[in-house]
Amino acid sequence: MKKHPSFLLFLMAFFFSCAVPSQAAEKHHAIAMHGEPKYPAGFSHFDYVNPDAPIGGTLRLSDIGSFDSLNPFLLKGVTPRGLGDVYQPLLERSRDEPFTLYANIAEAIEVAPDRSWIVFHINPKAHFSNGTPITAEDVLSSYETLREQGRPNVQLYYRKVTAAKILSPLSLRFAFEEEGRFEMPLIMGLMSVLPKSELLETNFEKTSLTPLIGSGPYLVAKVEPGRRIIYRRNENFWGWHLPQNKGRHNFERIIYDYFRDDDVALEAFKSHNIDARFESNAAKWTAAYSGPSGAEYKKSTPKLSIPAPMLAFVFNTRHKKFADLRVRKALTHAFDFEWVNANILHSLYKRTHSFFENSPLAAEGTIKDAERDVLSPFADELPEAVFNDAFSLPKTDGSGRARVNLKIARQLLLAAGYKIEDGILTHQETGQPFEVEFLINNTDYIKMISPFQRNLELLGIQSNIRQIDTASYQNRLTDYDFDIIINSWGQSLSPGNEQAFYWSRSAAETPGTRNYPAIRLAAVDAMIERIATAQDRETLVNAARALDRVLLNGHYVIPLYYTDAQWLAHWPEIRLPATPSYWGTSADLWWYEKDG
């Protein structure tokens, strides 16, 4: 008689339960980084969704550039938007808490009191899109593959695992090294699960336009390489009954069309070939959505309650000319934000003063005792300003002349060993002229760089803008082959191990990380460790503020601007929930509904 797969799993589970001692921890439906989860076991839905949202319709979205891979787990290749809905993690994150994960592929978890290990118990209903049940073997194989071949940040995290052991066909245990272990159960909970059979049969490290088998609410229905990708709602998705999916993933189809130019994408929206778009250009948000057709679509501004990304000019201190703090401060004085905001950004933005702007994690005023205590051991490598001054950025009157600031910049450059010869800033010892290249892949940045260039020219600094395609740009970032870039670092209300990928000394020496400035400070590494190991909210906040203070006073970047709201234009049949999450709104929360 042929045995049903579920019967075989039952027999295997019985065998393993007899052979392996049970864990001595209580099973939970969720885990919070600090404190208790907001939502109790058996909750019905997240508060920021519309639980009665209808199912149906097509959502047409746009992106700029192109794509050449459907493997989002590799550093190589450019992937299209929307692939995250094809895959599922062990645990699902809520967006109205700093960092809490809820049962998903894993229907329950057990965690050691010191978080030295976690056990995931897989939902027996969970299966891949081809109908194959998800087992502990799939989870283990996914972990091993991503640890060895995944993105550098994932490899960094997963190598903190000291042991991975299957306890039964539907449960497995991960143990962690002591360093940074408090966050590791949650990091592992965010791991996407792929079929072991496919991982064994596929050259995972090779980019491909054939999607991997997932277990999420959408399937890849059609691919036009580099131009369009179409997703189809998976009616057989195993997780529709789970509370975190109530009111989400409501469209039957989602289409992403790719455009080479954002102006063309905007016109596609205005002609109703695109249904919604997030705007990031102040001029367009102010003027491009008005006119005779403007009344037909809506402009929404959902509030953001998370740290604003640090958008900034980034100095590559691997290059000797940017290694001197005085040079970086001089160039910071040469950037006239007040003029740029008034004349280019339509005064819609605020100046960014923190790597954790718009949150309680931002360092404010002069140093607090709790911050001083953790930074004092590193006083020898830090600027005195860290301990003595409140961080501030230079201001101008907005006239565009910036004479006072440029005078300060000249004095700093002279102190750093430069002099003016025939109008060109030259290093006194090497005789090398000071030249700067701005590397970009976004034409929108040119308007902001151009007035900066004029001030640099007044200082005797020659500069040029080099615009390249997305793939080439990513390759140069991976190899840290640039002078100055414009980059954005996103943060959450619960920073953790990812800070090492952003700022640590080891990341500075590893290709493909986000430590683009090449920050190499023991103080930074120590604050990263305190953040990653913090077992209460107060410790985390103080460490984040101390880290912020060190990064700001190092002048590794010239902070630009932020807004505490999203700018979303959408046609009226695309509906949004009334209550935004901490992250504002996103396509997985919307639905299609026409009036009448």
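Visitor: Is Asp422 buried or exposed, and what is its relative accessible area?

Guide: Asp422 is exposed, where exposed means over 50% relative accessible area, buried under 20%, and partly exposed in between (1.4 Å probe, protein chains only). The model is predicted: local features need pLDDT of at least 70, side-chain atom pairs count only at pLDDT 80 or more, and totals for chains, interfaces and linings use all residues. Residues are numbered from 1 along each chain as its sequence is written, and side-chain values use heavy atoms, without hydrogens and water. For Asp422, the relative accessible area is 81%.

Visitor: In which loop is Asp422 found, and what is its phi?

Guide: Asp422 lies in the loop between strand E16 (418-421) and strand E17 (424-427); strands (E, at least two residues) and helices (H or I, at least four) are DSSP runs, numbered from the N terminus. The residue is not glycine, yet its phi is positive, near 55°.

Visitor: What is the phi of Ala402, and is this residue buried or exposed?

Guide: Ala402 is found in the loop between helix H11 (385-388) and H12. Its phi is positive, near 50°, again in a residue other than glycine. With a relative accessible area of 8%, Ala402 is buried.

Visitor: At what angle do helix H8 and helix H12 pack, and are they roughly parallel or antiparallel?

Guide: The axes of H8 (residues 325-334) and H12 (residues 403-415) are 8 Å apart and at an angle of about 165°; axes are lines fitted to C-alpha atoms, for helices over the stretch in contact, with angles from 0 to 180 degrees between N-to-C directions. Angles under 35 degrees count as roughly parallel, over 145 as roughly antiparallel, 65 to 115 as roughly perpendicular and the rest as oblique. H8 and H12 are therefore roughly antiparallel.

Visitor: Which residues of H12 does H8 meet?

Guide: From H8, the contact (heavy atoms within 4.5 Å) takes in Arg326, Val327, Lys329, Ala330, His333 and Ala334. Their partners in H12 are Asn405, Leu406, Ile408, Ala409, Leu412, Leu413 and Ala415.

Visitor: In what order do the 3 strands of the open sheet stand, and which strands are at its edges?

Guide: The pairing in this sheet is antiparallel and the order is E1-E4-E3; two strands pair if DSSP finds at least two bridges between them. The twist averages 25° from one strand to the next. Each edge strand has a single partner, so one side is left without a neighbour in the sheet; these strands are E1 (30-32) and E3 (91-93).

Visitor: Which residue in E4 stands opposite Ile31 and opposite Arg93?

Guide: E1 pairs with E4 (residues 100-103) over 3 bridges, and E3 also pairs with E4 over 3 bridges. E3 and E4 form a hairpin with 6 residues between them. Ile31 and Arg93 each stand opposite Leu101.

Visitor: How many residues of strand E6 are buried?

Guide: One side of E6 presents Trp117, Val119 and His121, the other Ile118, Phe120 and Ile122, and all are buried. In E6 (residues 117-122), the number of buried residues is 6 of 6.
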